[in-house]
Amino acid sequence: MAIQSIRLFGDPVLRTPAEPVKDFDKELRKLVKDLTDTMMDAPGAGLAAPQIGVGLRVFTYYVDDQLGHLINPNLDLSDDQDTEGEEGCLSFPGLSFPTPRAIRAVAKGFNMHGEPVTLEGTDLMARCFQHETDHLDGILFIDRMDAKQRKLAMKAIREAEWNGVAAPAIKFSPHSTHGKAL
Ligand SMILES: [Zn+2]
């Protein structure tokens, strides 16, 4: 087991677009294992590499008893949306909000051996593919909500006890930024 710590909202890595995987090597297989172990331990239905601080286009999923991973994903989405389904994120512990998502998604990419893979999902699986692929683009589920819902979500996030743990006071300090962009 190689469980990694999960980065929380406020950590800049969650806003940084991830790079495509080029080398399907031993390190990539270790990353897939770390993501899988960390996701199962959480437990969660999906986890993207930036959530454990790795800027590569890789995610894992565990939905409807199906465990898998996808590398360099590309999504094809249905026009019909589910606007009421609740969605959570391991980077926002304990919180979930209605988040609009396409009902069906076809996800194309590669497995850790570099072989092309096509995955088709509906409902929760489709939601997971969209949520995780968004993570690889630095997009978070709060960005997908309408303005009213986002306002409610931000209030709950501000009040969450974990908030401020990821980026302690740096934002408000006139002094050191530890080399991070504000
Ligand atoms: Zn997430």
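Select Arg7 and Asp11 to begin: in this predicted model, their side chains form a salt bridge with an N to O distance of 3.0 Å. Arginine 7 is partly exposed, at 29% relative accessibility, whereas aspartate 11 is buried, at 14%. The salt bridges number twelve.

Next, select Arg127 and Glu87. Their closest N and O atoms are 2.7 Å apart, in another salt bridge. Arginine 127 belongs to helix α2 and glutamate 87 to strand β5 (residues 86–88), so this pair ties together parts 40 residues apart in sequence. Both arginine 127 and glutamate 87 are buried.

Histidine 131 and histidine 135 are separated by about one helical turn because they stand four residues apart in helix α2 (residues 123–136). Histidine 131 is buried, with 7% relative accessible area, and histidine 135 is buried at 2%.

Move to helix α3 (residues 147–159), where lysine 155 and glutamate 159 lie four residues apart, about one turn of the helix. Their side chains meet in a salt bridge (3.1 Å, N to O). Lysine 155 is partly exposed, at 45% relative accessibility, and glutamate 159 is exposed, at 57%.

Finally, select Met40, Tyr62 and Leu67, which make a nonpolar surface patch of about 260 Å². Methionine 40 lies in helix α1 (residues 26–41) and is partly exposed, with a relative accessible area of 35%.

Methods
Residues numbered from 1 in each chain as written. Predicted model: local features only at pLDDT ≥ 70, side-chain atom pairs only at ≥ 80, totals over all residues. Heavy atoms only, no water. Helix = DSSP H or I, 4+ residues; strand = E, 2+ residues; numbered from the N terminus. Buried < 20%, exposed > 50% of the residue type's maximum accessible area, 1.4 Å probe, protein only. Patch = residues over 30% accessible without salt bridge, like charges linked within 9 Å, V, L, I, M, F, W, Y side chains within 5 Å. Areas by Shrake-Rupley, 256 points an atom, 1.4 Å probe, with all protein chains shown as cover. Salt bridge = Lys/Arg side-chain N within 4 Å of Asp/Glu carboxyl O.
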